[in-house]
Amino acid sequence: MVSLSPQSLPSAELAPDQLERGTSLWRDAWHRLRKNRLAVFGGFVLVALALLCLVGPIFSQSYQEQNLDLGAAAPSAAHWLGTDTLGRDLFSRILYGGRISLVVGLVATVVALTIGVSYGAIAGFFGGKTDTVMMRVVDILYALPFTIFVILLMVFFGRNIFLLFFAIGAAEWLTMARIVRGQVLSTKKMEFIEAARALGLGRARIIFRHIVPNILGPIIVYATLTIPAVMLLEAFLSFLGLGVQPPMSSWGVLIKDGAEKMEEFPWLLVFPGAIFSLTLFSLNFLGDGLRDALDVRSSKD
Amino acid sequence: MLRFILRRLLETIPVLFVIVTATFFMIRFVPGGPFTAEKAVTPEILKNLEAHYGLNQPLHRQYLAYLGSLLRGDFGPSFKYPNRTVNEIIADKLPTSLELGAWSLLVALAVGLPLGVAAAVKRNTWIDYLCSSAAMIGICVPTFVLGPLLVLAFGIHLRWFNASGWYEPIDRVLPSLVLGFFYAAYIARLTRGGMLDVLNQDFIRTARAKGASEARVIFHHALRGGLLPVVSFLGPAIAGILTGSFVIETIFQIPGLGREFVNSAFNRDYTLVLGTVILYAALVIACNLIVDIVQVLLNPRLKFE
């Protein structure tokens with residue numbers, strides 16, 4: 001452990017709030033994250049990809065203009081990544097699809113994360129009857145048929161991209177809640193929580209300032225797993241009719257279509273798949289870096 | 001522990017009741033019915049069909065009648081498969097899905113756990129990067145891509161396996177691998193994360209200080225706590241694996257139950273939807289109960305409450 005030399009003690013002249021800020025979890029984490037080269041690289045790639053998808057379509061060719069004479073053509077100077085069976089430029093389709101996939105991945109994961117973490121933390125912390133009722137509700141929601149839920153949503157609200165976020169978020173928070181609850185159950189028995197109670201802190205403060213930061217590891221890991229799951233679930237929902245409709249596209253839909261034609265026109269699978277993988281790998285490096293940076297127990301530096 | 005299990009089993013009754021009720025009315029609010037097909041039947045035939053299946057009665061009557069038959073263990077007749085009951089369909093297709101699920105689960109654990117443990121123990125070395133990248137590939141390559149790829153490579157070009165079907169023991173290999181790898185990737189990532197959290201804790205240092213061997217520290221002391229997030233994930237995951245996979249069963253032409261989950265909803269086969277939902281619900285509840293027991297056994301700080 002760090003030896004406490006007189007110099008490392010904060011000087012008494014600092015105001016209390018400055019003191020707190022100086023040792024804040026997020027500031028430490030940011031500092032450590034910047035030193036992790038892989039994580040910085042991952043974050044850089046993600047930002048670059050997002051910018052490309054945001055700005056790129058302005059300069060690129062139309063994503064829906066068909067060229068049936070051309071059909072599915074291999075990559076060339078005119079079409080950098082080739083064209084699909086209707087002669088549409090694959091590069092533009094990937095850029096446009098990226099907008100959908102990145103937004104769906106981000107928004108639905110944030111929704112799932114917010115609901116799942118709060119719900120699981122509250123159930124685990126209070127325990128007893130509260131926990132019983134809350135977790136049985138999760139059991140019920142797990143079992144309700146997702147396909148029928150989606151069809152009902154479409155019937156009552158029509159086709160709508162925002163419904164997509166709602167449907168996916170509603171499905172994805174359940175496992176997060178169970179994981180968080182399991183972690184909270186064991187963390188709340190630790191001595192530092194007892195100490196926090198002895199200090200007279202409120203329950204909300206104990207849950208969100210003391211317990212949740214200590215279980216961020218599994219939360220971040222599962223969140224980075226949720227993003228690809230969400231992007232692929234979107235492909236399934238688009239197949240059901242909710243989600244993106246042709247000629248619009250998304251990475252999930254492009255990969256799904258590409259998989260059906262992988263033998264004749266391999267580039268239709270390879271390029272969307274490659275960009276999808278690049279995104280997920282970058283995300284993962286960033287996630288691992290964040291996990292390490294936020295690990296309150298390994299703060300040796 | 002016995003009291004805990006008994007109490008949880010009692011709690012199952014209201015949970016199942018809510019699931020059955022919600023599903024029953026949800027599916028009735030979906031437009032269309034089991035007999036609205038592209039080939040429309042004449043109004044007289046439709047009337048007779050509805051009378052035969054009791055669909056002409058008021059909804060609350062149908063609901064009570066369904067609950068009554070459920071209590072006798074009867075899931076009712078299927079609307080889409082003539083002359084077959086839902087009990088028969090489940091009895092026919094569930095064993096296939098269970099078998100595929102069991103093999104896949106074995107693959108998932110046998111691949112995922114070692115990858116995750118190795119990555120955590122050798123954190124930030126090339127072993128970690130190798131194991132983590134392998135797991136990431138499992139996540140980046142969805143089953144609907146990996147399935148056809150393996151079929152092309154091993155079924156069609158190399159001819160080691162049949163491209164599809166479910167007849168000989170060797171037909172189990174490819175589908176189990178595809179489904180198993182998908183879950184292995186999740187298990188590896190969660191194991192790595194859970195292990196990293198535990199390896200930093202004081203009791204691990206204590207175990208090392210007492211002179212426990214590295215293997216004992218990892219497998220006896222660290223793995224118990226490190227598996228917590230994996231175990232939480234596995235509860236619903238196992239229920240999902242065992243009830244079959246729509247994608248895998250479609251790619252490999254496997255006569256399992258997974259396809260019925262999606263098709264019954266599209267066919268508006270009301271009784272089959274309810275039957276599969278009840279089955280899945282029972283499995284989810286059972287798995288989550290086992291998970292909660294295992295969590296207490298893994299973590300000495302917890303008690304059955």
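**Exercise 1.** Work out how H5(A) and H7(A) are oriented to each other in this predicted model.

*Solution.* Start with the axes: those of H5(A) and H7(A) come within 10 Å and cross at roughly 150°. Next, bring in the cut-off: angles over 145 degrees count as roughly antiparallel. The two helices, H5(A) and H7(A), are therefore roughly antiparallel to each other. As for handedness, H5(A) passes H7(A) in a left-handed crossing. Now look at who makes the contact: H5(A) brings A:Met135, A:Val138, A:Leu141 and A:Tyr142, while H7(A) brings A:Leu174, A:Ala177, A:Arg178 and A:Arg181. Sort those by class and you get 6 nonpolar, no polar and 2 charged residues.

**Exercise 2.** Find which residues of H11(A) are buried, and what they pack against.

*Solution.* Count to begin with: 8 of the 10 residues of H11(A) are buried, so this helix is mostly covered. Then name them: A:Trp251, A:Gly252, A:Val253, A:Leu254, A:Ile255, A:Lys256, A:Gly258 and A:Ala259. Finally, check the surroundings: these buried residues pack against H4, H10 and H12 of chain A, together with helix H6 (143–157) of chain B.

**Exercise 3.** Describe the side of chain A that touches chain B.

*Solution.* Begin with the totals: 45 residues of chain A are in contact with 48 residues of chain B. On the chain A side, the elements giving two or more residues are H5, H6, H7, H10, H11 and H12. H12(A) gives the most, with 8 residues.

Methods: Residues numbered from 1 in each chain as written. Chains lettered and ligands numbered in written order. Predicted model: local features only at pLDDT ≥ 70, side-chain atom pairs only at ≥ 80, totals over all residues. Contact = placed C-beta atoms within 7 Å. Helix = DSSP H or I, 4+ residues; strand = E, 2+ residues; numbered from the N terminus. Buried ≥ 20, exposed ≤ 12 C-beta atoms within 10 Å, placed from the backbone. Axes fitted to C-alpha atoms, helices over the stretch in contact; angles between N-to-C directions. Parallel < 35°, antiparallel > 145°, perpendicular 65-115°, else oblique. Left-handed = near helix turned anticlockwise from the far one by under 90°. Nonpolar A, V, L, I, M, F, W, Y, C, P; charged D, E, K, R; others polar.
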